[in-house]
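Biologist: Hi! Could you walk me through this one while we both have it on screen?

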Amino acid sequence: MFAPLESLNALQREAATFDDAPLRVIAGPGTGKTTTLTARVGWLLDRGVEPERILLLTFTRRAAREMLQRAAALATTSTARRVAGGTFHSVAHRVLRRHHAAVGLPEGFGILDRADTADLLDVVRADRGLLSALRRQPRKATLASLYSRTVNTGSALEAVMREDTPWCADAHVDVGALFRAYTERKHALGVVDLDDLLLYWRAAAQDAALGDELAAAYDHVLVDEFQDVNALQLDVLVALRRGDPRVTLVGDDAQAIYGFRGASPRFLLDAEQYFPGLCTVTLETNYRSTQKVLDVANALAAEAPEGFSAVLREHVPHAGAQIPQLVRCEDERGQSVEVADRILELYEQGVALHDQAVLFRASHHSADLELELSRRRVPFVKYGGLRYIEAAHVKDLLSAFRLADNPRDEMAWLRLLQRLPGVGPQRARRTIDTLRDDEGQLPLRHDEVARRWERAAEVLPGPARHLAGALVRSLGAAGQEEVVVHAERIRIAVEPLIMAAYEDSAPRIEDLGALVQASSSVARLTDVAADEVLDPPTSTGDLAGPPLVDEDWLVLSTVHSVKGLEFDAVHVIHAADGNFPSDMSTGTPEGIEEERRLFYVAMTRARRHLAVYVPLRYHRVPRRGDDHSWAQPSRFLSEVVRLNFDHVRSSVPVHAGEGVLRSRIDGPTRVADHLANLF
DNA sequence: TAATGGGGGTTTTTT
DNA sequence: ACCCCCATTA
């Protein structure tokens, strides 16, 4: 037998070696989903399928990376070639780069991230004078999410607005006009947004001729986390198969947590509608957690109105398993102290920091804890929340990279010009206008930009002219030199802008080098920007470098960012109604159910230790008297669910919380090693 | 006429 | 950290 199959259980093996019909694998948390999927890829390779003719699709890049790595390891036994795959968005990007001409996109098309999308919508709204009659304007970010939701669910804008923004739903005709204008504008600028990647991919896949070619490129298509698919992605998938039965869907309806992105677990549950002849294997044997942890998860699942498909069973009973703890704390402060105490206690018992995670609903929920951890010198990495790309200076340089490949990218111009001293929205706008031709189009090529630049520069105040001129000259060398050399020239031109525009410029300048480095492995500069949008470093740790290379560190993460991972010990904080479930989501039954699944995902990350913390009070205004509100424990901690917990009342003594992480590293040697590189 | 700096209010989740 | 609004400054 093909070796990797031997370690699988019967059901996993059945899934891994299933032939012919479309296959659906319902796999609860910890049931070896990734192992099974990887084994299936290995089995396909073993039977002679070419690796590049297997497409592995996932929804998060972390999952994509893990799976492609594991698959690559299998593939090396027979061949070094790589299995194709990635997130839906990254695969779409690759397809569109190759077929840009066929779908009507310019070669160096740029990608707008969420913030760019909102900004462009705002610009178009102003230009067209749309929505001005409204007494209360929707924020630009609201417009962006309306657009995205409409496109991803394939529902009519009016319906989406009645649901999401009923207070301005009457303006749906104007918003629709805005969205059409926005679409035209993107086309004129030669850019696409994240949703366009899927829209263009679908258009290509549904096209008679091009679609045949795209579908024929793959023998097998496998999709992980299928419960997170939305209508648009499903369309792409169906078009990519065109009735070919060689498709594998892996997922767990209990872990569907991307409803806000238009996803619905219905697509997994009703998959036979889209893939006739579908067969199903359900994996329920859990190899991850103790039965005590699973009892909590199953109790939670039992209260979901529609139930979950999989009921988890422990594989090998763990002797002396610890009962999960429900810890009531005085307030947020007390919670932080309690969590830090417990983390250090477990650490003393031998549970490394990287085997522990603190999970929370929203990224700002960890703020107070972060302070406490810093105070105690506990190193941590935080996932979710702030993104590298959202750092303004990073976007500045990436805008320049985008411009180098596509001088029509007005949003990039607008952003960069405003970094110049004495240049704000108005002057930036007028400068751009002088670059336009008779039809109002920006130049397609940089030699044309250079020709028009003399007039444009006159709009700028004196001191800005020199800086801007150097920048424009640095942009126009695409194709004449190596990409990384060009990147470095642009960095040198952008650096003085960043120095002048930001107060704390020193650490910002440091970051730019990494972007130039990244350009050494891409075909064109705009790809660095695209990679950053599609594949942003997901943690603040990536931004500053891990706390201290290869040292042990604790994981702080939003539940969304931690899916698919597991830890010996999991601490779930702020399990109070309003925070978890978030009161943003409790308006509809579906919203509450998604929060329940999110809670379920959080619980099922734990292998042996699980602690859920509930602060009893929340201060309305920090450090001002005793202005507080009493918190209700999360509604998901029902009486039945609570039966599975040990109840603990945190009594953090006055002098508690003084424990500091004791050094386990050989500091002097580390320091010497670091210095050895310097002199 | 435009840019800039200060102040106050907000912040769900991600490709 | 970001957005929005308003007063001050070039």
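Modeller: Happy to. Residues 24 or more positions apart account for 76% of those contacts in chain A that have a separation of 6 or more. Keep in mind that this is a predicted model.

Biologist: Okay, and how many helices and strands does chain A have?

Modeller: Chain A comes to 29 helices and 19 strands. Of its 679 residues, 46% count as buried.

Biologist: Which element gives the largest share of the surface near DNA strand B?

Modeller: That's α20, with three residues.

Biologist: And what's the make-up of that surface by class?

Modeller: Near DNA strand B you get 16 polar, eight nonpolar and four charged residues.

Biologist: Switching topic: what about α2, is it enclosed or open?

Modeller: Eleven of the 14 residues of α2 are buried, so the helix is largely enclosed by the rest of the structure. Among the buried ones are Trp43, Leu44 and Leu45, and also Lys33 and Arg40.

Biologist: How far apart are the end C-alpha atoms of α2?

Modeller: They are 20 Å apart, which agrees with the 20 Å that the 14 residues of α2 (residues 33-46) should span at 1.5 Å a residue. Just after α2, Gly48 takes a positive phi of about 100°.

Biologist: Let's do helix pairs. At what angle do α10 and α11 cross?

Modeller: Helix α10 (residues 194-206) and helix α11 (residues 208-216) cross at roughly 100°, and their axes come within 5 Å. That makes α10 roughly perpendicular to α11.

Biologist: Which residues make the contact?

Modeller: Ala204, Ala205 and Gln206 from α10, with Leu210, Gly211 and Leu214 from α11. By class, the contact of α10 with α11 has four nonpolar, two polar and no charged residues.

Biologist: And how do α6 and α7 pack?

Modeller: Helix α6 (residues 114-128) packs on helix α7 (residues 140-153) at an angle of about 105°, with the axes 8 Å apart. That makes α6 roughly perpendicular to α7. Residues of the contact include Arg114, Asp119 and Asp122 of α6 and Lys140 of α7.

Biologist: How do the residues of that α6 and α7 contact divide by class?

Modeller: Five are nonpolar, one is polar and four are charged.

Technical notes:
Residues are numbered from 1 along each chain as its sequence is written. Chains are lettered from A and ligands numbered from 1 in the order in which they are written. This is a predicted model: local features need pLDDT of at least 70, side-chain atom pairs count only at pLDDT 80 or more; totals for chains, interfaces and linings use all residues. Helices (H or I, at least four residues) and strands (E, at least two) are DSSP runs, numbered from the N terminus. Ala, Val, Leu, Ile, Met, Phe, Trp, Tyr, Cys and Pro count as nonpolar, Asp, Glu, Lys and Arg as charged, and the others, Gly among them, as polar. A residue is buried if 20 or more other C-beta atoms lie within 10 Å of its own, exposed if 12 or fewer, and partly exposed in between; C-beta atoms are placed from the backbone. Two residues are in contact if their C-beta atoms, placed from the backbone, lie within 7 Å. Axes are lines fitted to C-alpha atoms, for helices over the stretch in contact, and angles run from 0 to 180 degrees between N-to-C directions. Angles under 35 degrees count as roughly parallel, over 145 as roughly antiparallel, 65 to 115 as roughly perpendicular and the rest as oblique. The expected span of a helix is 1.5 Å times one less than its number of residues.
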